[in-house]
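Hello,

Here is the structure I promised to pass on. Have a look at it first, and then read my notes below.

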Amino acid sequence: MFLSSEERKEIMVAYGFEDYIEANHYKVGPDTWIYLFEHENKKYILVVTDYLGDFEFDIFPHLLKFESYRLEFVLQNEIQLEDDSILKKIHANIVLFEYT
């Protein structure tokens, strides 16, 4: 799901990142977009999709690879939402990870 600039800002604030730098974004599937951010010299990837069941993130570090775009990320840990009220506005599944 594509997110507008304002939606991305609201989501990052809900995660507790108010002064982030947006690096890039990619459509990596029919219903899946990834958004890359930086905050305090760490890199973050926001996965936005209609269905998270295709992804399993139980063990870290975890390799996340998108073949069609030849993108690879080593996920370090999942970041928890500080304010989950954003989920009432955004009708998609979102998950944020720190990556290397």
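Which residue in S6 does Ile45 stand opposite? Ile45 faces Phe97 there.

Before the rest, some ground rules. This is a predicted model, in which local features need pLDDT of at least 70, side-chain atom pairs count only at pLDDT 80 or more, and totals for chains, interfaces and linings use all residues. Residues are numbered from 1 along each chain as its sequence is written, and side-chain values use heavy atoms, with hydrogens and water left out.

On confidence, pLDDT is the predictor's own score for each residue, from 0 to 100. The chain has a mean pLDDT of 90, with 99% of its residues at 70 or more.

Now the sheet. Strands here are DSSP E runs of at least two residues, and helices are H or I runs of at least four, both numbered from the N terminus. Six strands make an open, antiparallel sheet in the order S1-S2-S3-S6-S5-S4. At its edges lie S1 (21-29) and S4 (62-66), each pairing on one side only; pairing requires at least two DSSP bridges between two strands. Within the sheet, S3 (residues 42-49) and S6 (residues 93-99) are joined by 7 bridges.

Thr32 counts as buried because its relative accessibility is 10%; buried means under 20%, exposed over 50%, and partly exposed in between, with a 1.4 Å probe and protein chains only. Beyond neighbours within four places in sequence, its contacts (heavy atoms within 4.5 Å) include Met1, Tyr26 and Phe55.

Best wishes
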